[in-house]
Amino acid sequence: MGKFVLAVLLAAAGFFAARFFLAGSGGGYASGEFAPLERAVSAMEAKGSVDTFKFSVLRAPDSRFSRQIVWLKEEGAEVSKGELVAKFDASDIALYLEELALRTQTLIEDRAAFDLAWDTTMETSENSVSMQIETVALQDLDVDQKKYHATLVRKMAQISANNQRGYLGALQSRKDRLAQQRKIAEGYQDDKMERHKKNIKKTEDLIGLYDIRAPYDSVISYPQIYIAGILKKAEQGDSLVQLQEFARLPDFSSKCVVLRLREGGVKMLRQGQKVEFCARALPGETFTGRVKSFSATPTDDISGEESRRYFEANIALDESPRLSGLMPGMTVSARIILGEFENVYAIPVDYVSDSGDGKSVELLLPGGERRMRSISAARADENFVYVPASELGGGMVKLVRGAK
């Protein structure tokens with residue numbers, strides 16, 4: 001229906017243009033004849049590109065020093081979630097990991113020597129205790145054998161037995177202290193190995209930061225960035241500073257269209273306005289959407305040596321199975337539907353005058369008389385002013401172009 005209305009409007013505009021060229025006047029003015037349209041569409045043309053509401057930024061590793069890119073996936077390539085996108089130089093960290101591996105071997109060997117030394121010490125202590133137990137048993141036997149001897153002999157044997165028991169207690173206490181000391185020393189050794197393992201894990205996690213992977217399925221693109229003072233796209237061999245952005249991955253689940261408008265155009269935008277557009281890369285396909293938002297301040301669009309300022313409008317796309325063909329970066333041509341009217345005159349803007357009291361047109365009456373008539377425009381766009389038919393009689397009218 002929209003295409004039919006557009007065709008009717010274009011045909012009417014062509015008709016009026018033809019009438020204008022044929023309806024000249026010898027009085028130094030030009031005029032055109034206009035008839036009301038049953039239905040008219042007010043639209044504004046705009047250019048733009050496919051984009052996304054959301055995207056992920058890939059950055060260089062969080063390193064105090066600049067890092068060189070040693071491998072990079074080509075721009076425009078499709079990537080899957082978790083797929084490697086770029087590798088940064090991590091040779092210093094790899095070398096440190098090799099040193100940690102040697103340290104691991106040293107710690108294992110030290111632990112083996114530690115265990116051997118303590119095993120020998122504990123075995124020696126255990127043998128001493130065992131031998132002293134035998135000595136105490138022999139001394140007790142001697143005391144038992146001398147129970148019928150003289151009192152002095154019995155007492156001497158008993159004293160010797162008590163001394164041996166005391167020495168046995170000392171050996172057992174020493175053995176217990178050695179066990180406690182070994183436990184403490186083993187705890188220290190375990191802590192040292194655990195700290196070493198954590199250091200290895202931290203280093204392995206750190207080296208993982210130098211492998212940049214895709215957070216989701218997407219297509220990779222590289223924006224222009226400053227590398228060593230030159231504005232360019234990141235390439236293999238470039239050195240980037242800490243956390244410098246170098247790539248972007250659009251989220252295809254949030255596709256949109258970004259249109260560029262001049263100041264006069266953005267004034268006519270309203271949220272929710274219908275938009276029809278087509279992509280240059282997909283001829284014959286027409287897509288629709290709605291105005292979601294538009295910028296309050298302009299942005300610079302640099303083209304060659306010229307710098308122009310545009311306002312951006314974000315267009316949310318209507319659901320369609322054909323949206324899969326739209327890829328970020330594609331250029332589009334769009335029509336923003338500003339309004340739809342019934343029974344109105346579509347008068348070209350150069351036939352309408354602005355005054356302090358509002359808008360007006362100059363009628364050319366049958367006898368050649370010219371008369372100014374105030375109008376209340378239903379809506380105006382860049383090309384036409386839409387006037388209710390009742391204001392100009394509802395029939396064919398002849399207007400003077402460029403009325404002052």
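This is a predicted model: local features need pLDDT of at least 70, side-chain atom pairs count only at pLDDT 80 or more; totals for chains, interfaces and linings use all residues.
**Close-up views**

View 1. Residues are numbered from 1 along each chain as its sequence is written, and side-chain values use heavy atoms, with hydrogens and water left out. Ser-63 sits in the loop between β3 (55–59) and β4 (67–72). Its side chain makes a polar contact with that of Arg-67, at 3.4 Å; the term means N or O atoms within 3.5 Å, one able to donate a hydrogen and the other to accept it. Leaving out residues up to four places away in sequence, Ser-63 also touches Tyr-210 and Gln-242 (heavy atoms within 4.5 Å).

**View 2. Leu-326 belongs to the largest nonpolar core.** Such a core joins buried Ala, Val, Leu, Ile, Met, Phe, Trp, Tyr and Cys residues through side-chain atoms within 4.5 Å. This one has 25 residues, and Leu-326 is among those touching the most other members, as are Val-257 and Phe-277. Elements giving two or more residues include β2 (37–52) and β18 (331–348). Beyond four places in sequence, contacts of Leu-326 include Val-50, Phe-277 and Leu-317.

View 3. Ile-159 lies in helix α3 (residues 151–208), a DSSP run of H or I with at least four residues. At 45% relative accessibility, Ile-159 is partly exposed (between 20% and 50%). Leu-152 and Met-156 complete the patch, and the three share about 330 Å² of accessible area (Shrake-Rupley method, 1.4 Å probe). Patch residues have over 30% relative accessible area and no salt bridge, with nonpolar side chains joined within 5 Å; a salt bridge is a Lys or Arg side-chain nitrogen within 4 Å of an Asp or Glu carboxyl oxygen.

Notes. Patches are made of residues with over 30% relative accessible area and no salt bridge: like charges are joined within 9 Å, nonpolar side chains (Val, Leu, Ile, Met, Phe, Trp, Tyr) within 5 Å. Buried means under 20% relative accessible area, exposed over 50%, partly exposed in between (1.4 Å probe, protein chains only).
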